[in-house]
Amino acid sequence: MPQIELSPDVEDGGMASMIADIIKGNLQEKPKRKNDFIALNGNIYMNAEDAEVDMTLVFNKGSLMVHNGKVGNPQICIATDSGTLLDLANINVKFGLPYYFDSIGWGVITKLLTGKLKIKGLVTHPIKLTRFTKLMSVR
Amino acid sequence: MPYTHGTQEWEEAYTAVTKKRMDSEKKPYIYFMPEWVGAWEEFLKADPVYKSVALPDWKGAVVLHVLKNADYGVEQDIYVYLDLLANQVRSIRIVPSDYGKSGAFVITGTIERWMAVGKKELDVVKGMMQGKLKLKGNLPAIVRAIKPAVRLVDAAAEVGGLMPDAWTPEIIESIKETIKNMAAEFNIN
């Protein structure tokens, strides 16, 4: 079973524990995605700008520690509003890849193009981002 | 003897009390009292927005858990249980705590937080991200249904209601009395 832990500063409830629960639930429901979990290494930072809440996921090839705030020098940084963060979790996965050609996917692309969703690392770490999107997707 | 929750008698008596209070109480109804819950149920049953965003395969109750706060006359936690199936709101009831806790998704907040939601000062998703509202249940399932879930709560704001910041000492006394009577009659403890 993948090891997912909350750092001591993370309280029950709130974005950090919600995202950890989403990933845990997904891995239980979709065991094939464990390969993506095991392959991930490094820090991913998420910022819900409207809620003024941020967090970092520290992946270490089969384990994950979830922190409040920014930790280290994340290779991927995602900044947007709370609703869009949950839209990211609703991206469909088809043929093992995130699928952007439906209303949810187009909505995400539109927000990227209009600057409402900012992703640092989109170009430099596409494989890592794809794996993370799959881990986050509840679809 | 209180009615036993889950029986036909409980349901009939609860419905009768709600209807009587909806007829007799002045509008706007007091937030989270049975008449207000009844108005919310009527609103959602006819709500085209909810029907349009609800998932056709949805099964499971959403529960709003209001933490007790004696300053507002709410001397015990309140569990408002939304019985949902596909795109239908079957019923909304104030239920016994044991039953409320068993809901598939329980969103917990203080009365002040729920008031902020009711006044559209706090967005539900933002509130959950900030930990102001706490969600229990299968996260992937509720995230799949985030749009209908948000609509359910947003509709509560559209129903309106007399919010806690407008409650006078007389209203607070009446709330205490109502909760006490509901607990005695419907086993809502």
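The model is predicted, and local features need pLDDT of at least 70, side-chain atom pairs count only at pLDDT 80 or more, and totals for chains, interfaces and linings use all residues. Residues are numbered from 1 along each chain as its sequence is written, chains are lettered from A and ligands numbered from 1 in the order in which they are written, and side-chain values use heavy atoms, with hydrogens and water left out.

In chain A, six strands make up an open sheet with mixed pairing, in the order β1-β4-β3-β2-β5-β8. Helices (H or I, at least four residues) and strands (E, at least two) are DSSP runs, numbered from the N terminus, and two strands pair if DSSP finds at least two bridges between them. Strands β1 (3-6) and β8 (118-120) of chain A are the edge strands, each pairing on one side only. With direction ignored, neighbouring strands of this sheet are turned by 15° against each other on average. Strand β2 (residues 41-48) and strand β5 (residues 76-80) of chain A are parallel and are joined by five bridges; A:Asn47 has A:Ala79 in β5(A) as its bridge partner. Helix α5 (residues 126-136) of chain A packs on the sheet and touches β2, β3 (53-60), β5 and β8 of chain A, where contact means heavy atoms within 4.5 Å. The direction of helix α5 makes about 60° with that of β2(A); axes are lines fitted to C-alpha atoms, for helices over the stretch in contact, and angles run from 0 to 180 degrees between N-to-C directions.

Chain B contains an open sheet of five strands in the order β3-β2-β1-β4-β5, also with mixed pairing. Because β3 (88-95) and β5 (134-136) of chain B stand at the edges with a single partner strand each, one side of each has no neighbour in the sheet. From one strand to the next, the twist averages 15°. Strands β1 (residues 62-66) and β4 (residues 105-109) of chain B run parallel and share five bridges, and B:Leu64 has B:Ile107 in β4(B) as its bridge partner. Helix α2 (residues 34-45) of chain B lies across β1, β2 (78-85) and β3 of chain B, at about 170° to β3(B).

Strand β4 of chain B also includes B:Thr108. This residue counts as buried because its relative accessibility is 19% (buried means under 20% relative accessible area, exposed over 50%, partly exposed in between; 1.4 Å probe, protein chains only). The side chains of B:Thr108 and B:His65 make a polar contact at 3.0 Å, that is, a pair of N or O atoms within 3.5 Å; within protein, one must be able to donate a hydrogen and the other to accept it, and residues adjacent in sequence count only if both atoms are side-chain atoms. Neighbours within four places in sequence left aside, B:Thr108 is in contact with B:His65, B:Leu67, B:Trp114, B:Lys132, B:Leu133 and B:Lys134.
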